[in-house]
Amino acid sequence: MNIKVATLEDIPQIEILYEELFLEMSKLQPKYIAPTKQDVKFLTNTISEEKSDIFVAEIDHSIAGFLLIQELTTPPYSCIVQHSYAYIMDVIVGGQYQSKGIGSILLREAKKWADERKLDYLELSVLAENNGAFVLYEKHGNKETSCTMRLEL
């Protein structure tokens, strides 16, 4: 397996995995998430911009999984201590490659990316119903720091 930063040539394979991710998310929260395709312009910008990257895990020239990471700063509110941090927007490992340690390898790469940029912490969001992701993230030391609540009307 090879871990690398995605290039524009990787977008078609990343798109396929995004479809798989969005389908799985739509099964967990069908009222709020629809199965769809990722915007190619978004992927192009993410790959091209200095403050974001997509790490891909390649096996036999195929992308088995990826992690999208961005460098962000906390909002300028007087009650919030200012930080620069890494936000993991998306992580997906293709179905046939799951439970082989690829997610863990991608998370370690994200931590290294944040360390190299001297960022204060890593942050991510996860659907409450995504038990497998919770287990993976907690295994890597992530702790729940907030909770989004919704009241159906």
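Which is Tyr-85, buried or exposed, and what is its relative accessible area?

Modeller: Tyr-85 is buried, at a relative accessible area of 9%. The cut-offs are under 20% for buried, over 50% for exposed and anything in between for partly exposed, with a 1.4 Å probe and protein chains only. Before you zoom in: this is a predicted model, so local features need a pLDDT of at least 70 and side-chain atom pairs a pLDDT of 80 or more, while totals for chains, interfaces and linings use all residues. Residues are numbered from 1 along each chain as its sequence is written, and side-chain values use heavy atoms, with hydrogens and water left out.

Now to the rings. Searching the whole structure turns up three aromatic pairs. One of them is Tyr-18 with Phe-22, a tilted pair at 5.2 Å centre to centre with 40 degrees between the planes. For a pair, the ring centres of Phe, Tyr or Trp (its six-membered ring) lie within 6.5 Å; planes under 30 degrees apart are stacked, over 60 edge-to-face, and the rest tilted. Tyr-18 and Phe-22 sit about one helical turn from each other, because they are four residues apart in helix H1, residues 11-28. (Helices, H or I with at least four residues, and strands, E with at least two, are DSSP runs numbered from the N terminus.) Tyr-18 counts as buried at 0% relative accessibility, and Phe-22 is buried too, at 13%.

Back to your tyrosine: the Tyr-85 and Tyr-121 ring centres are 5.0 Å apart with the planes at 10 degrees, so this pair is stacked. It joins distant parts of the chain, with Tyr-85 in strand E4 (residues 84-93) and Tyr-121 36 residues away, in the loop between helix H3 (102-116) and strand E5 (122-124). Tyr-121 counts as partly exposed, at 29% relative accessibility.

You'll find Thr-74 in the loop between strand E3 (62-73) and E4, and at 8% relative accessible area it is buried. Leaving out residues up to four places away in sequence, Thr-74 touches Ile-80, Val-81, Gln-82, His-83 and both of your tyrosines, Tyr-85 and Tyr-121; contact here means heavy atoms within 4.5 Å.

Next, the charges. There are 10 salt bridges in the whole structure, each one a side-chain nitrogen of Lys or Arg within 4 Å of a carboxyl oxygen of Asp or Glu. Take Lys-4 and Asp-10, whose side chains meet at 3.1 Å, N to O. In that pair Lys-4 is partly exposed, with a relative accessible area of 24%, whereas Asp-10 is buried at 6%.

Lys-37 and Glu-19 make another bridge, at 3.4 Å from N to O. Lys-37 is in the loop between H1 and helix H2 (40-48) and Glu-19 is in helix H1, so the bridge ties together parts 18 residues apart in sequence. Here Lys-37 is exposed, at 57% relative accessible area, and Glu-19 counts as partly exposed, at 34%.

Then there's Asp-53 with Arg-117, where the closest N and O atoms are 3.8 Å apart. That bridge links distant parts of the chain: Asp-53 is in strand E2 (residues 52-59) and Arg-117 is in the loop between H3 and E5, 64 residues apart. Asp-53 is buried, with a relative accessible area of 12%, while Arg-117 counts as partly exposed, at 28%. If you colour by charge, pick out Lys-51 and Glu-71 as well, since a network of salt bridges links Lys-51, Asp-53, Glu-71 and Arg-117.

Last, the cysteines. The structure holds zero disulfides, which would take a pair of cysteine sulfur atoms within 2.5 Å. Cys-79 is in none, and the nearest cysteine sulfur to it, in Cys-147, is 19 Å away. Seen from Cys-147, the closest cysteine sulfur is that of Cys-79, and 19 Å is too far for a bond. Cys-79 counts as exposed, at 70% relative accessibility, and so does Cys-147, at 56%.
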